[in-house]
Amino acid sequence: MFHSGIVKGCFNEMFFDDHQIRPCYERVFTHFSGLRSAALEEQSRKARRMFNRLGVTFTVYQESASLERTLPFDILPRIIPMDEWSLLERGVRQRVRALNLFLRDIYHEQEILHDGIVPRELVVTHPDYCWAMVGTKVPFGQYVTLAGIDIIRDPAGRYLVLEDNLRVPSGISYIFENRQMTQRLFPDMCRKYRIQPILPALSFFARYLRSLAPRQTSNPTVVLLTPGKYNSAYYDHVFLSQQLGIHLVEGKDLLTLNNRVFMRTVEGLKQIDVIYRRIDDAFLDPLAFRSDSVLGVPGLMSAYRAGHVALVNAPGAGVADDKAVYAYVPEIIRYYLNEEPILQNVPTYLLDDPEQRRYVLANLDKMVVKKTTGAGGYGMLIGPKASAAEIEDFARAIVNDPKEYIAQPTINLSQHPSLVNGRFEGRHIDLRPFVIGGERVIPGGLTRVALRKGSLVVNSSQGGGCKDTWVVQLDGQQQEAGRECRIVC
Amino acid sequence: MLSCRHADSLIWLSRFIERAENNARILEVNFVRPFSGENASWEPLVAVTGNVVDFQRLYDEADAASVFDFLAFSEANPNSIVACAALARENALAVRERLPNELYEVVNRFHLTLRACAHRVGESVVYPFLDLVKRQSMIFQGLIEAILPHGEDGAFLRIGRYLERIDKTSRILDVVHYHPDAADEELWLRVLCSVSAYEAYRRSGGGRVTPRDVTAFLVHDGDFPRSLAFCADQALLAAQRAFAGAGQIPESVRLLEQLDRRLRYTTMDEIEAQGLHAFLQVILQENNRIGEAVQRDLFVEEDSA
């Protein structure tokens with residue numbers, strides 16, 4: 001049932017090249033091999049039904065109508081052995097710590113720009129560089145309280161960072177919902193592993209948010225600011241406010257008075273200390289940013305700059321997850337932390353450099369090209385899969401506005417067996433670990449699966465699914481098996 | 001600490017669930033246990049749900065099929081069972097993070113299930129359909145009692161529930177006004193059944209089914225959970241709890257006190273003297289004003305902390 005899953009030229013998470021099973025997967029393999037294809041399909045349907053009933057859904061917009069969908073859930077979990085995870089964990093923590101210092105710097109002394117490590121123009125002319133943040137004191141210097149770092153594996157099995165998400169990264173709820181679903185569907189199998197628990201990270205997050213309150217109070221009021229129930233990530237917002245025990249509010253529930261933010265409650269106005277906002281910078285405050293925003297709170301930025309409320313993540317953090325700034329992150333890590341980057345970047349070509357541009361244009365059919373400000377898998381070119389006309393379009397766009405684009409060699413993402421029509425076939429995956437406060441990483445993270453055969457795009461807006469992701473501490477027996485295996489290979 | 005928007009959503013969530021359940025009870029009486037003989041009249045059913053105009057716009061005549069479709073499924077009728085389930089779910093979604101997951105799941109399933117079976121109900125499944133609606137509502141009410149903290153959230157849910165019941169019981173009782181033979185015993189039995197009061201009425205000593213006794217029971221009984229006096233009393237308690245932290249006494253609480261007193265102290269002789277229909281119209285108006293007052297109490301702009 002599993003053997004059709006192995007494809008040449010990319011790393012397979014479950015099997016060695018010679019079809020030997022990786023030791024951490026042995027028990028899962030045994031468990032699933034004992035199930036018939038019809039039973040697997042039934043479990044898969046059951047998961048979809050349950051997600052539907054529980055309302056674990058997201059909204060997609062198509063031709064003015066909005067449709068509620070469940071995120072396709074692939075029942076075969078992804079397993080990351082503890083030793084690999086420790087490396088990943090240290091790597092993403094290091095990265096977020098450095099990016100946080102970078103943000104602090106570019107909105108204050110700008111030493112990294114003076115020293116010419118990152119081009120000044122790239123930062124200060126960036127559309128997400130937030131002038132209102134220049135010189136603004138941020139509570140406890142925390143710009144990035146929640147980060148989602150997208151990780152892929154190259155054909156050699158090395159973990160590489162593909163992208164940083166420092167604005168309002170979403171998807172955290174699926175980590176927990178997927179775990180719960182696996183436990184409901186396969187309780188016996190789950191008991192055979194020592195899976196690192198994920199819930200404690202949420203308690204940490206809850207404490208962390210409260211600790212950011214600028215006011216001296218034993219019981220700060222924390223809210224999650226959502227665009228509302230029609231937002232595609234609304235379930236994420238609901239889940240987090242439930243788990244963190246904070247209020248879920250919309251802009252119209254809040255108001256500002258004397259540079260303080262209040263919530264309209266049945267008992268009158270209550271002062272707000274910390275706002276975990278899940279709306280974009282541009283919509284936060286119609287007085288400071290887009291004046292047509294009805295999602296935000298007039299006067300919010302003024303209250304923030306006066307130091308009476310904490311905003312999570314800080315406005316203007318988006319400049320640090322830009323795809324062009326990304327190319328400089330290894331340097332940023334060395335500059336602030338005086339450490340070597342633990343995780344490598346995917347090689348990235350900056351297209352306003354004439355030499356790099358020439359090379360990329362000559363090799364477009366082997367490249368992935370992305371808009372520097374793009375997200376969600378929209379507006380990108382995957383050279384090897386693109387038609388001649390698409391390649392030509394992108395070539396023209398790049399020449400017209402080289403700064404808008406970056407290019408990377410197409411990396412064949414690792415594959416993982418996924419249930420497709422009752423049997424397991426290899427599908428490309430990535431991983432988004434979430435880093436809280438630059439300190440704590442939720443063990444595992446969200447594994448996204450490109451469900452279309454051969455596709456490299458994992459975004460849920462492009463038909464991607466997800467997997468439960470385990471970090472497991474291998475026991476003696478499994479480690480033993482691993483040694484033998486390595487000898488055999 | 002409950003935001004005003006959430007309070008509003010809680011009220012409407014429970015009003016719409018209650019409305020769906022009441023509609024199911026009314027339909028059950030009329031469709032599962034139809035009037036014997038020629039006496040079936042469908043218009044009053046539409047009048048009970050309050051939009052005769054909508055109905056006339058949509059259907060040529062009032063018969064079993066059109067009335068059932070209108071009250072159970074019509075998307076053009078904002079008070080049809082399917083529409084109520086959808087609106088309940090909209091409101092549950094808006095206040096979702098405050099609801100226990102089990103409670104949201106019930107409301108969500110209610111909506112998804114009804115949407116899936118809308119317009120597909122033949123004669124043989126009328127009863128199971130209505131039974132399903134009542135059952136889902138009961139699970140909803142049960143979960144509220146069983147796992148929702150009995151603080152502000154519960155209080156706003158109860159306000160919605162009891163204001164809705166006052167409305168429905170008044171309207172059902174008022175149906176006799178539209179009926180050709182207001183003294184017909186079967187008519188009054190059906191009134192009792194429509195608010196599921198038949199057994200309770202018998203047990204309370206109502207051997208005879210007379211207009212005066214049934215009216216007295218449904219207006220004054222202090223124990224039956226759908227009588228007007230009981231509902232007003234509960235709504236008042238709920239509002240007092242809901243606005244306990246609000247400082248001055250809000251308008252809605254004052255109006256509820258008035259309604260509570262009116263229902264408690266208006267005697268049957270006084271009701272008969274002014275006519276049941278006129279009395280119920282006053283109750284309905286006051287009840288509407290209370291609903292509006294709650295909105296004002298929640299959304300009046302405050303200018304100081």
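This is a predicted model: local features need pLDDT of at least 70, side-chain atom pairs count only at pLDDT 80 or more; totals for chains, interfaces and linings use all residues.
Q94(A) belongs to helix α3 of chain A, which runs over residues 82-106. Which residues does Q94(A) touch, once its neighbours within four places in sequence are set aside? The list is I333(A), L337(A), E339(A), E340(A), P341(A) and I342(A). Take P341(A) from that list: Q94(A) and P341(A) are 247 residues apart in sequence, yet their C-alpha atoms are 7.6 Å apart in space.

N338(A) has a positive phi of about 55° although it is not a glycine. N258(A) also has a positive phi, about 50°, and it is not a glycine either. Its place is the loop between β8 (254-257) and β9 (260-265) of chain A. For background, most residues other than glycine have a negative phi. Are these two asparagines buried or exposed? N258(A) is exposed, at 67% relative accessible area, and N338(A) counts as exposed too, at 71%.

The peptide bond from V312(A) to N313(A) is cis, with omega near -15°. N313(A) is in the loop between β12 (310-312) and α11 (329-337). As a general point, most peptide bonds are trans.

Now for some helix residues. S44(A) is in helix α2 of chain A, residues 37-54. S44(A) is buried, because its relative accessible area of 18% falls under the 20% cut-off. Beyond its neighbours within four places in sequence, S44(A) is in contact with F73(A), I75(A) and L419(A).

Q356(A), in helix α12 (residues 354-362) of chain A, is another glutamine to look at. Q356(A) counts as partly exposed at 26% relative accessibility. Leaving out neighbours within four places in sequence, its contacts are T348(A), Y349(A) and L350(A).

Helix α1 of chain A covers residues 26-33, and its buried residues are R27(A), V28(A), H31(A) and F32(A). Why do they end up on the same side of α1(A)? They cover an arc of only 125° around the helix axis, so they share one side.

**Over to chain B**

Two packed helices are described by the angle between their axes and the distance between the axes.

| Helix pair | Angle | Axis distance |
|---|---|---|
| α8(B) (152-174) and α15(B) (276-299) | about 160° | 9 Å |
| α4(B) (64-73) and α7(B) (126-147) | about 25° | 13 Å |

Start with α8(B) and α15(B), which pack at about 160° with axes 9 Å apart. That angle makes α8(B) roughly antiparallel to α15(B), and their crossing is left-handed. On the α8(B) side, the contact residues include F156(B), L163(B), I166(B), D167(B) and R171(B). On the α15(B) side they include L280(B), I283(B), L284(B), N287(B) and I290(B). By class, this contact has 10 nonpolar, five polar and three charged residues.

The other pair is α4(B) and α7(B), at about 25° with axes 13 Å apart. That angle makes α4(B) roughly parallel to α7(B), and α4(B) passes α7(B) in a left-handed crossing. Here α4(B) contributes F68(B), A72(B) and F73(B), and α7(B) contributes V126(B), F129(B) and L130(B). The residues of this contact divide into six nonpolar, no polar and no charged.

Back on α8 of chain B, have a look at D153(B), which lies in that helix. Is D153(B) buried or exposed? At 11% relative accessibility, D153(B) counts as buried. Apart from neighbours within four places in sequence, D153(B) is in contact with L2(B), L10(B), R98(B) and L148(B).

Technical notes:
Residues are numbered from 1 along each chain as its sequence is written. Chains are lettered from A and ligands numbered from 1 in the order in which they are written. Side-chain values use heavy atoms; hydrogens and water are left out. Axes are lines fitted to C-alpha atoms, for helices over the stretch in contact, and angles run from 0 to 180 degrees between N-to-C directions. Helices (H or I, at least four residues) and strands (E, at least two) are DSSP runs, numbered from the N terminus. Angles under 35 degrees count as roughly parallel, over 145 as roughly antiparallel, 65 to 115 as roughly perpendicular and the rest as oblique. A crossing is left-handed if the near helix is turned anticlockwise from the far one by less than a right angle, and right-handed if clockwise. Contact means heavy atoms within 4.5 Å. Ala, Val, Leu, Ile, Met, Phe, Trp, Tyr, Cys and Pro count as nonpolar, Asp, Glu, Lys and Arg as charged, and the others, Gly among them, as polar. Buried means under 20% relative accessible area, exposed over 50%, partly exposed in between (1.4 Å probe, protein chains only). The arc is that of the directions from the helix axis to the C-beta atoms.
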